[in-house]
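Q: I would like to learn how to read the helices in a model like this one. Where do we begin?

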Amino acid sequence: MSIEKLVDDFAEHVAAQTDAIFRGDSRTGNRHAKRYVAAFEKLRSHGDAGREALTTLFTHPRMDVRVAAAAHLLRYRTAEARAVLQEIAKGEGLAAFEASESLKRWDEGSWALDPE
């Protein structure tokens, strides 16, 4: 599978998980979460090229996708990922909460989405 397809899958499943959560469908949401995590693991297997490809989602139209990409790339692109998360955390709603929680975990040293 191409790196670009993996990035598309990551974005698609993050968005689908959020939509399922808003419908109250946790089973479907969990299924989509597993799929975007799997896409990220495959991107990681490509090393920095895979991580770099995911940075294209920092400007995605959906906030939830931007948050997920930035949260997963905090170790790789710390300054840019923090900037994305800080901007979204200023708002309200689920994406803002997720952004602020990601920053909190990073600052306290418990963040572990992309281990070295």
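A: Begin with how elements are assigned: helices (H or I, at least four residues) and strands (E, at least two) are DSSP runs, numbered from the N terminus. Just after α6, G109 has a positive phi of about 85 degrees. G24, which follows α1, also has a positive phi, near 80 degrees. The model is predicted: local features need pLDDT of at least 70, side-chain atom pairs count only at pLDDT 80 or more, and totals for chains, interfaces and linings use all residues. Residues are numbered from 1 along each chain as its sequence is written, and side-chain values use heavy atoms, with hydrogens and water left out.

Q: Which residues of α6 are buried?

A: Buried means under 20% relative accessible area, with a 1.4 Å probe and protein chains only. In α6 these are A95, A96, A99, S102 and L103. They cover an arc of only 125 degrees around the axis (taken from the directions from the axis to the C-beta atoms), so they lie on the same side of α6.

Q: How are two packed helices described?

A: By the angle between their axes and the distance between the axes. Axes are lines fitted to C-alpha atoms, for helices over the stretch in contact, and angles run from 0 to 180 degrees between N-to-C directions. α5 and α6 pack at about 135 degrees, with axes 7 Å apart.

Conventions
Buried means under 20% relative accessible area, exposed over 50%, partly exposed in between (1.4 Å probe, protein chains only).
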